[in-house]
Amino acid sequence: MNDLIACFICFSYLIKLHESHTAELIIKSMAFFGMSYGLIRHTRIIHPSPGKLKAHEEAEWRSRVIGFIHAVILTIGSIFCFLEWPYPANDGWSTTNPDVYYYPELFASIFVGYLQYDLLWLLWHKKENFDLASIVHHTLYIAITHYVLWGRFFIRPFAWLSLGELSTPFLHLRWFFAVLNQKQSKWYKLSSIFFVTSFLRGPY
């Protein structure tokens with residue numbers, strides 16, 4: 001519980017560093033993903049039949065559904081970011097123009113809002129689903145993204161970075177079929193192929 005309180009304090013401090021519209025977007029992003037998780041849990045939509053999964057697997061299932069949704073949003077967002085190219089002057093790397101607000105700033109705000117929500121989820125469920133690698137990953141990316149948003153840096157490269165989420169939906173689909181003991185199904189094999197293909201052909 002102490003680590004959750006510490007996270008909330010840190011998040012509050014970091015959000016206050018930003019301009020009001022950016023701070024509002026980050027808060028709305030956290031709220032959207034958190035409320036979506038709660039809706040899925042309460043209504044059991046997009047859920048396997050009761051009894052098929054253990055309690056901690058159901059929690060991770062819901063978390064991965066939210067991760068799937070976030071990845072789709074970011075992938076679509078990358079298209080909007082690419083469509084803004086080319087940026088005027090040096091705005092593609094850093095902009096100080098207060099009258100201009102680019103798509104990468106919008107989707108970076110959504111991105112960090114999701115990471116903050118998901119880090120809280122990881123800490124809340126650490127007894128059942130302890131994932132140190134994801135905790136470290138999220139912590140680093142939260143810090144980096146807040147810094148980038150604060151200084152309005154790397155506007156142009158964000159299009160490529162957000163395109164990296166293209167493989168994430170297929171990663172989650174693989175897990176869904178695996179946890180349902182359907183590794184021999186064609187859907188598991190197809191999602192694996194699409195995952196590898198989209199990852200290798202992505203921005204990395």
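These notebook entries record what I looked up in a predicted model.

**Entry 1: helix α8**

I began with helix α8, which covers residues 186-200 and so has 15 residues by the record of its length. From its first C-alpha to its last, α8 reaches 21 Å, close to the 21 Å expected at 1.5 Å a residue. I then asked which residues of α8 are buried. They are Tyr 188, Ser 191, Ser 192, Phe 195 and Ser 198. These residues cover an arc of only 145° around the axis, and therefore they lie on the same side of α8. I noted the general rule that an α-helix has 3.6 residues a turn, so residues three or four places apart point the same way. On the face turned away from the buried side, I found the exposed residues Lys 186, Ile 193 and Leu 200. I also looked up what the buried residues of α8 pack against, and the partner is α7 (168-179).

**Entry 2: helix α5**

Next I turned to helix α5, residues 132-151. This helix has 20 residues and reaches 29 Å from its first C-alpha to its last, close to the 28 Å expected at 1.5 Å a residue. The buried residues in α5 are Ile 135, His 138, Ile 142, Thr 145, His 146, Val 148, Leu 149 and Gly 151. What covers these buried residues includes α1 (2-16), α2 and α4 (103-124). I noted that Arg 152 follows α5 and has a positive phi, near 55°.

**Entry 3: a nonpolar surface patch**

I then examined the surface and recorded a nonpolar patch of about 550 Å². Val 72, Ile 76, Ile 79, Phe 80, Leu 83 and Tyr 103 make this patch. Which helix gives the most to the nonpolar patch? Helix α3 (residues 55-83) does, with 5 residues. I checked Val 72, which lies in α3.

**Entry 4: two single residues**

Is Ser 162 buried or exposed? Ser 162, in helix α6 (residues 158-163), counts as buried because its relative accessibility is 2%. Leaving aside residues up to four places away in sequence, Ser 162 touches Leu 74, Thr 75 and Ser 78.

Last, I looked up Glu 24, which is found in helix α2 (residues 20-43). At 42% relative accessibility, Glu 24 counts as partly exposed. Glu 24 and Ser 109 stand 85 residues apart in sequence, and their C-alpha atoms are 9.0 Å apart in space.

How values were computed:
Residues are numbered from 1 along each chain as its sequence is written. This is a predicted model: local features need pLDDT of at least 70, side-chain atom pairs count only at pLDDT 80 or more; totals for chains, interfaces and linings use all residues. Side-chain values use heavy atoms; hydrogens and water are left out. Helices (H or I, at least four residues) and strands (E, at least two) are DSSP runs, numbered from the N terminus. The expected span of a helix is 1.5 Å times one less than its number of residues. Buried means under 20% relative accessible area, exposed over 50%, partly exposed in between (1.4 Å probe, protein chains only). The arc is that of the directions from the helix axis to the C-beta atoms. Contact means heavy atoms within 4.5 Å. Patches are made of residues with over 30% relative accessible area and no salt bridge: like charges are joined within 9 Å, nonpolar side chains (Val, Leu, Ile, Met, Phe, Trp, Tyr) within 5 Å. Accessible areas come from the Shrake-Rupley method with a 1.4 Å probe; for residues, only the protein chains shown count as cover. A salt bridge is a side-chain nitrogen of Lys or Arg within 4 Å of a carboxyl oxygen of Asp or Glu.
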